[in-house]
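Let's take a walk through a protein model and look at who sits inside and who pairs with whom. Have a look at the picture first, then read on.

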Amino acid sequence: MIIADTALKARAELGRPLKVAIAGAGFMGRSLTLQIARSVPGMEVVAIGNRTIDKAERAFVEAGMSAAVRVDSAEALSAAVAAGTPAVTDDPTLLARAEQVDVVVEATGTIEFAARTVRAALGEGKHVVLSNAELDATLGPILKTYADRSGVVLSNIDGDQPATEMNLYRHVKGMGFEPLLCGNIKGLMDHYRTPTTQAPFAAKWDQDPRMVTSFADGSKISFEQTVIANATGMGVATRGMVGYEHPGMVDDPEHLAMVDLDRLRQLGGVVDYVVGARPGAGVYILAAHNDPREQKYLDLYKMGPGPLYCFYQPFHLCYFEVPLTIARAALLGDAAVAPLAGPVTEVVATAKHDLKAGESLDGIGGYTVYGQMENAGIMHEERLLPIGLSDDCVLTRDIAKDDVVSFDDVEVPSGRLIDRLYEEQLGMGRRVMV
């Protein structure tokens with residue numbers, strides 16, 4: 001979105017920077033604060049909310065900003081922003097009620113805690129940017145309806161795979177191609193990884209072991225591809241996706257030959273992934289073009305003989321690109337990626353090992369379950385339990401390794417906002433591909 005830099009430049013020249021508040025001071029929250037402070041004229045982080053307030057203060061220190069003031073009310077937060085003083089709080093819902101804040105970025109990676117912040121922000125008419133594929137995949141469709149009611153933008157982030165895929169999808173579709181597969185490139189898939197196995201990697205990169213576990217066990221890619229599925233109307237060809245294996249470049253003819261073009265069209269397009277392909281940090285779109293004249297010149301332009309073509313981007317740069325999303329939302333009214341309407345796919349909780357009745361599930365990136373994508377119709381027909389709702393659910397019967405968990409297999413904790421939102425989302429229905 002090259003136009004976003006022009007819009008930010010104009011705000012900088014006017015002396016009216018976008019005011020951003022961040023919920024979460026982990027790796028993403030700290031890194032985004034640094035990126036905006038050092039590299040993004042026309043935008044400033046004015047407040048950070050985090051359950052551990054010391055970490056919020058650390059984010060401002062690492063960004064070289066002035067010392068932050070601790071606040072415990074929306075009024076105090078607003079006063080700090082008006083005075084040009086960074087503010088920190090252990091209650092991220094306060095970010096929503098500070099009148100000067102233009103955009104709230106949700107970067108906690110939680111579900112219940114994040115849902116409360118996001119619903120509050122949308123209710124107060126704030127644009128919301130989700131650095132939280134877990135929440136988006138679980139409750140994005142219903143949260144989008146709250147955003148629409150308030151006339152604001154809800155968007156996942158540029159720099160993560162879903163928006164990178166969506167930007168490419170829009171570009172390819174705009175050139176007259178028929179996108180038929182939105183793909184993610186993975187280096188590893190092992191459903192049985194745990195926080196113990198991933199602890200050394202997490203320590204090396206100063207990241208949360210549970211988050212790193214979700215990357216390795218397939219849950220994260222399932223969340224990411226659910227976000228793009230809900231934004232395009234594309235489902236999955238099979239539970240868990242196909243997961244092609246290919247050691248070469250993603251646009252090699254050998255990779256394209258693995259895909260059944262007629263089947264993709266019959267399904268209305270799908271989301272999927274490939275393991276081991278290059279570029280390792282990329283995403284790709286497989287798209288068709290049936291005009292023989294166009295195929296001739298596409299071959300001239302080194303795209304191959306067709307009718308199926310591969311378009312890819314070799315990188316996604318996470319927090320480096322998030323300011324683009326913030327600017328797109330607040331200045332251009334454009335979401336990088338957001339649900340069309342009701343859910344198209346969801347992510348079902350699946351046993352990592354034999355589980356016993358009475359055992360509590362420990363949610364995303366834990367020891368008990370991993371996530372697999374499934375089409376929303378099957379999720380609802382079989383009453384399957386989304387992994388995003390699984391934390392602290394207690395099993396009422398034994399579940400065998402690799403079996404999926406249903407609502408009929410668990411007792412769900414009482415009083416959670418996420419369950420109420422999910423029930424509301426169930427009534428939305430599915431939007432067909434457009």
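This is a predicted model: local features need pLDDT of at least 70, side-chain atom pairs count only at pLDDT 80 or more; totals for chains, interfaces and linings use all residues.

## Ground rules

Buried means under 20% relative accessible area, exposed means over 50%, and partly exposed is anything in between (1.4 Å probe, protein chains only).

Residues are numbered from 1 along each chain as its sequence is written, and side-chain values use heavy atoms, with hydrogens and water left out.

## A residue tucked inside

Let's start with T33, which lies in helix 2 (residues 27–39). Helices (H or I, at least four residues) and strands (E, at least two) are DSSP runs, numbered from the N terminus.

Is T33 buried or exposed? T33 is buried, with a relative accessible area of 0%. Contact means heavy atoms within 4.5 Å. Leaving aside residues up to four places away in sequence, T33 touches I22, V45, I48, A59, F60, A63 and M65.

## Charged pairs

Side chains of opposite charge can pair when their charged atoms come close. To count as a salt bridge, a side-chain nitrogen of Lys or Arg has to be within 4 Å of a carboxyl oxygen of Asp or Glu. How many salt bridges does a search of the whole structure find? The search turns up 23.

Take E134 and K220: their closest N and O atoms are 3.1 Å apart in a salt bridge. E134 lies in helix 7 (residues 133–150) and K220 in helix 11 (residues 219–232), so this pair ties together parts that are 86 residues apart in sequence. E134 is buried at 6% relative accessible area, and K220 is buried too, at 11%.

R328 is buried at 1%, and D158 is buried at 2%.

Back to D409, which forms a salt bridge with R397, with the closest N and O atoms 2.5 Å apart. Both lie in the loop between strand 15 (394–395) and strand 16 (410–411), so the pair ties together parts that are twelve residues apart in sequence. R397 is partly exposed, with a relative accessible area of 42%. Elsewhere on the list, salt bridges that share partners join R30, R58, E62 and D206 into one network.
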